[in-house]
Amino acid sequence: MLRNLCRLVGQQVGQQARFTAYRKFSSTKALRKDPALQEAAESGPPKNILVEKDKNITLIGINRPQQRNAIDSLTASQLCDAFANFEADDNSPVAVLYGVGGSFCSGFDILEISTDEKEEISVDILMRPEGSVGPTRRQIKKPVVCGINGYCIANGLELALMCDLRVMEESAVLGFFNRRFGVPMLDAGTIRLPAMIGLSRALDLILTGRPVGSQEAHDIGLVNRIVPTGTALGNALELATCIAKFPQRALIHDRNSVYSSTFETSTFHQAVQNEVMFTSREIIEDMQNGIKWFNQTFKPDTTHSWLKRDRSMADWDDEEVAEAAAQKEKLKKEQEAALAEAEKQKQAEKSQKKSKKAEEKPAESADSKDPKDKANEK
């Protein structure tokens with residue numbers, strides 16, 4: 001009995017080994033036959049993070065749309081490298097972070113940690129020095145604008161909080177959906193969020209994990225702009241271009257001072273000292289050059305002329321943006337003039353109707369007289 005059982009088990013193990021070997025051989029053979037698969041295998045790891053330049057603006061895109069841009073360990077490492085390269089690039093003052101496809105980011109990829117070595121892998125992902133989904137546990141040295149579309153949830157929302165400014169599409173959704181899965185916040189969201197929107201509102205979003213729409217997010221200060229669906233990247237790029245137009249040394253000084261007073265100092269006196277200490281010789285030189293430009297542009301007898309000019313923020317942007325703003329203003333005036341003209345026509349038609357009615361009444365009264373009265377009049 002025991003001998004037959006051992007023989008049966010040996011046969012099953014042998015069949016499984018032969019099947020596994022055949023499957024591996026078949027997979028390798030198929031890979032060799034398919035040029036596309038062979039090229040993909042030889043090209044190295046996939047480019048889950050896209051980096052490109054638009055003039056002097058660095059565009060960083062999360063490129064895993066089939067996973068709603070969930071970030072695995074490889075993507076997190078590529079994102080850290082992308083931001084490190086941006087910080088080292090002296091020709092790029094501002095970056096834009098966005099999501100490719102229909103969502104910004106749905107947090108880190110839970111499927112990566114759902115394996116037999118669950119504890120070891122989860123600790124490796126969550127305890128990364130820079131963060132589980134990117135460089136979220138440190139302060140980026142230069143401004144970053146975030147374009148939010150689709151879902152921006154869990155650690156993806158913490159990634160958006162890492163950015164300086166957030167542009168959100170009107171149909172996008174924010175929220176700490178990781179609450180329902182028992183996954184904690186480990187990418188500095190519990191530090192940044194209360195500083196942005198206050199303790200009470202931060203606790204509301206963190207403890208409930210409820211979804212937040214664009215209007216509420218804007219009202220509580222979680223995002224800075226609401227834009228139509230499909231335009232987050234374009235508007236984020238426009239905002240970044242606007243920031244890049246300014247002298248960068250003074251801008252970085254003020255930005256560092258704001259973050260220092262918010263996260264690093266405990267007293268007002270210490271924050272003021274840091275504000276002064278952050279001022280370098282280069283910043284003083286830029287300030288002097290700015291004052292010279294102001295004095296050369298606006299003469300003493302026309303000092304207030306710069307206040308009287310009706311200029312929008314688009315004038316600091318590209319000429320195309322300024323032209324688009326002027327065209328929009330022109331269209332608005334034309335529409336207002338058309339409405340005024342239509343209102344005038346309505347009033348003219350009403351007055352004509354009234355005058356016609358006034359002319360018709362005497363004729364009707366004359367026709368309505370009794371024939372006897374008409375005869376007496378004769």
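R210 is partly exposed, with a relative accessible area of 26%, and its salt-bridge partner is E216. The model in which this pair is found is a predicted one. The protein contains 15 helices and eight strands, and 32% of its 378 residues count as buried. Among contacts between residues at least 6 apart in sequence, 67% join residues at least 24 apart.

**Salt bridges**

- The count of salt bridges in the model comes to eight.
- In the pair of E216 and R210, the closest N and O atoms are 2.6 Å apart. E216 is partly exposed because its relative accessible area, 29%, lies between the limits of 20% for buried and 50% for exposed. The value of 26% places R210 in the partly exposed class as well.
- Salt bridges with shared partners join R64, D72 and D109 into one network.
- Within that network, the side chains of D72 and R64 meet at 3.7 Å, N to O. D72 and R64 are both buried.
- D164 and R255 form another salt bridge, with 2.7 Å between the closest N and O atoms. This pair links distant parts of the chain, 91 residues apart: D164 is in the loop between helix 5 (155-162) and strand 6 (165-169), while R255 belongs to helix 10 (residues 248-263). Both D164 and R255 are buried.

- Helix 3, residues 73-88, consists of 16 residues. From first C-alpha to last, helix 3 reaches 23 Å, which is close to the 22 Å expected at 1.5 Å a residue.
- The buried residues of helix 3 include S73, A76, L79, C80, F83 and F86. The buried residues of this helix pack against strand 1 (49-54), strand 2 (57-62), strand 3 (94-99), strand 4 (144-148) and helix 5.
- R68 is located in the loop between strand 2 and helix 3, and N69 lies in that loop too.
- Most residues other than glycine have a negative phi. R68, which is not a glycine, has a positive phi of about 55°, and phi of N69 is near 60°, also a positive value.

**Nonpolar cores**

- In soluble globular proteins, nonpolar side chains tend to be buried together.
- The largest nonpolar core of this model has 42 residues. Those with the most contacts inside this core are F83, L97, F104, I148, L159, L174 and L222.
- Two or more residues of this core come from each of strand 2, helix 3, strand 3, strand 4, helix 5, helix 6 (189-197) and helix 7 (199-208).
- Another core, of 14 residues, lies apart from the largest one and has V145, V227, L237 and A244 among its members.
- Beyond its neighbours within four places in sequence, I148 is in contact with residues including F104, A160, V167, M168, L174, V223 and A232.

**Helix 5 and helix 6**

- Helix 5 is mostly covered, with eight of its eight residues buried. Among them are N155, G156, E158 and L159.
- I191 lies in helix 6 and is partly exposed, at 49% relative accessibility. I191 and E158 are 33 residues apart in sequence, and their C-alpha atoms are 9.9 Å apart in space.

**Aromatic rings**

- A search of the whole structure finds one aromatic pair. Its members are Y259 and F263, stacked with 6.4 Å from centre to centre and 15° between the planes.
- Y259 and F263 are separated by about one helical turn because they are four residues apart in helix 10. An α-helix has 3.6 residues a turn, so residues three or four places apart point the same way.
- F263 counts as partly exposed, at 36% relative accessibility.
- The charged end of K142 sits over the ring of F86, 4.4 Å from the ring's centre.
- R180 lies over the face of F177, at 4.5 Å from the ring centre.

Conventions:
Residues are numbered from 1 along each chain as its sequence is written. This is a predicted model: local features need pLDDT of at least 70, side-chain atom pairs count only at pLDDT 80 or more; totals for chains, interfaces and linings use all residues. Side-chain values use heavy atoms; hydrogens and water are left out. A salt bridge is a side-chain nitrogen of Lys or Arg within 4 Å of a carboxyl oxygen of Asp or Glu. Buried means under 20% relative accessible area, exposed over 50%, partly exposed in between (1.4 Å probe, protein chains only). The expected span of a helix is 1.5 Å times one less than its number of residues. Contact means heavy atoms within 4.5 Å. Rings of Phe, Tyr and Trp (its six-membered ring) pair if their centres lie within 6.5 Å; planes under 30 degrees apart count as stacked, over 60 as edge-to-face and the rest as tilted. A charge sits over a ring if NZ of Lys or CZ of Arg is within 6 Å of the ring centre and within 35 degrees of the ring normal. A nonpolar core is a set of buried Ala, Val, Leu, Ile, Met, Phe, Trp, Tyr and Cys residues joined through side-chain atoms within 4.5 Å.
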